[in-house]
Amino acid sequence: MPKRIVDLRTEVPLLDIVSHGRAFRPTLAHRRQIALTVGRIPEVMVRVTGGARTVAGVKKHMSYVGRDGNLGLETDVGERMDGKDFAGRLVEDWDLDIDAHPRQSARAIRVRKPPKLVHNVFFSMPPGTPPAKVLQAVRMLAENEWQLKHRYAMALHTDQDHPHVHVVIKAMGEQGRRLNIRKATLRSWRSQFAANLRELGVAANATERAVRGQTRTHKSSGIYRAGQRKDSSHIRNRQEQVLREVQEGRQFRDAGHLVMDRTRQEVVTGWRNVETQLREHGNQALADEVQSFVRQMPPVQTEKELLVDELLDRNRDRSIDPHERVR
């Protein structure tokens, strides 16, 4: 099997593995990124939580983010929009009613859904992170990415343990170019957000979940928020399905496990090659940390397998037969 190396020069995922069988010299940037990851520095979270396609939808979301005007939104020109009908004033300022007007063309008629008027992006850090620095780090990113290109507004929320910032970004740019958010776009934003936090004195990192040995599957923002409230129909349905399979004595290993296990093997191969290259270039201490990091990776588990463990643990805590229905 050829050696695999990991391209960390632009903080791309560890799974972007170059299979040329050649060694690489760990640069200072390599070593810093490796140290952040194996040191389990707190990870930033950046996710797209949807986007509105109608003016009414934009107003509704802005009202939610701005807490119906009590909190308001900080705009790209440094103003604070709050109070009664602040969302309507912001929609008018951004000319979203013009963007929403249907274009009378054959091409427009064929489009099933109208394009998004805004994107909603969520930036978050773990509990204990200074909220003001989270907001400042997002401001820095916004100025670098969208200033004079796309109108945007944001608000810091501190009503949960983890401080987070909601940003509403106008999809149509000032020069007529639409903002399309791809995986590479999110990767760049995560990297910038983490770098900005570090510049502000906050320990932060931005690596892919698989690289860190985590296997929890991504859930939509609605499922995620409902899960936090213990009110997710998706999770309840999955639990009921798993319970039926426990009662019927079925195997829990599903096809997704094989895919995740294959990904894990690629990740481990990449990390072992990183360890080898560090040792060959005299970075013994960091190589030892990489070795320990890989050894401590949790076993691969799908969402279904995690639910099985959770339900069986709950049953054990209640000292009942694991094949009984958990109430």
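Visitor: In which loop is Asp68 found?

Guide: Asp68 is in the loop that runs between α2 (55-65) and β4 (73-75). Residues are numbered from 1 along each chain as its sequence is written, and the model is a predicted one, in which local features need pLDDT of at least 70, side-chain atom pairs count only at pLDDT 80 or more, and totals for chains, interfaces and linings use all residues. Side-chain values rest on heavy atoms, with hydrogens and water left out. Element names follow DSSP runs, numbered from the N terminus: helices are H or I runs of at least four residues, and strands are E runs of at least two.

The backbone at Asp68 has a positive phi of about 55 degrees, although the residue is not a glycine. For context, most residues other than glycine have a negative phi. Asp68 counts as exposed because its relative accessibility is 62%; the scale takes under 20% relative accessible area as buried, over 50% as exposed and the range in between as partly exposed, using a 1.4 Å probe and protein chains only.

Positive phi values also occur elsewhere. Asp85, in the loop between β5 (80-81) and α3 (86-93), has a phi near 55 degrees.

The loop between β4 and β5 contains Glu79. With a relative accessibility of 44%, Glu79 is partly exposed. Setting aside neighbours within four places in sequence, Glu79 is in contact with Leu73 and Glu74, where contact means heavy atoms within 4.5 Å. The C-alpha atom of Glu79 is 9.3 Å from that of Ala153, and the two residues are 74 residues apart along the chain.

Turning to the whole chain, the protein has 12 helices and eight strands. Of its 327 residues, 43% are buried. Among contacts between residues at least 6 apart in sequence, 71% join residues at least 24 apart.

Two packed helices are described by the angle between their axes and the distance between the axes. Axes are lines fitted to C-alpha atoms, for helices over the stretch in contact, and angles between N-to-C directions run from 0 to 180 degrees.

The crossing of α1 with α11 is left-handed, a term for a near helix turned anticlockwise from the far one by less than a right angle, with clockwise giving right-handed. Arg31, Ile34, Ala35, Thr37 and Val38 of α1 make this contact with Leu286, Glu289, Val290 and Phe293 of α11. By class, these are six nonpolar, one polar and two charged residues. Ala, Val, Leu, Ile, Met, Phe, Trp, Tyr, Cys and Pro count as nonpolar, Asp, Glu, Lys and Arg as charged, and the others, Gly among them, as polar. The buried residues of α1 are His30, Gln33, Ile34, Leu36, Thr37 and Val38.

In the second pair, α6 (residues 131-145) and α7 (residues 183-199) pack at about 130 degrees, with axes 9 Å apart. The two are therefore oblique to each other, and their crossing is right-handed. The residues of this contact comprise eight nonpolar, four polar and three charged.

Within α6 lies Pro131, which is partly exposed at 33% relative accessibility. Beyond residues up to four places away in sequence, Pro131 touches Leu156, Thr158 and Pro163. Pro131 and Pro163 are 32 residues apart in sequence and 5.4 Å apart from C-alpha to C-alpha.

Helix α7 holds Arg190, which is buried at a relative accessible area of 13%. A polar atom of the Arg190 side chain lies 3.1 Å from the backbone oxygen of Val44, and the side chain of Arg190 also reaches the backbone oxygen of Thr207 at 3.3 Å. Leaving aside neighbours within four places in sequence, the contacts of Arg190 are Glu43, Val44, Val46, Ala206, Thr207, Glu208 and Arg212.

How values were computed
Parallel < 35°, antiparallel > 145°, perpendicular 65-115°, else oblique. Polar contact = N/O pair within 3.5 Å; in protein donor to acceptor, adjacent residues only side chain to side chain.
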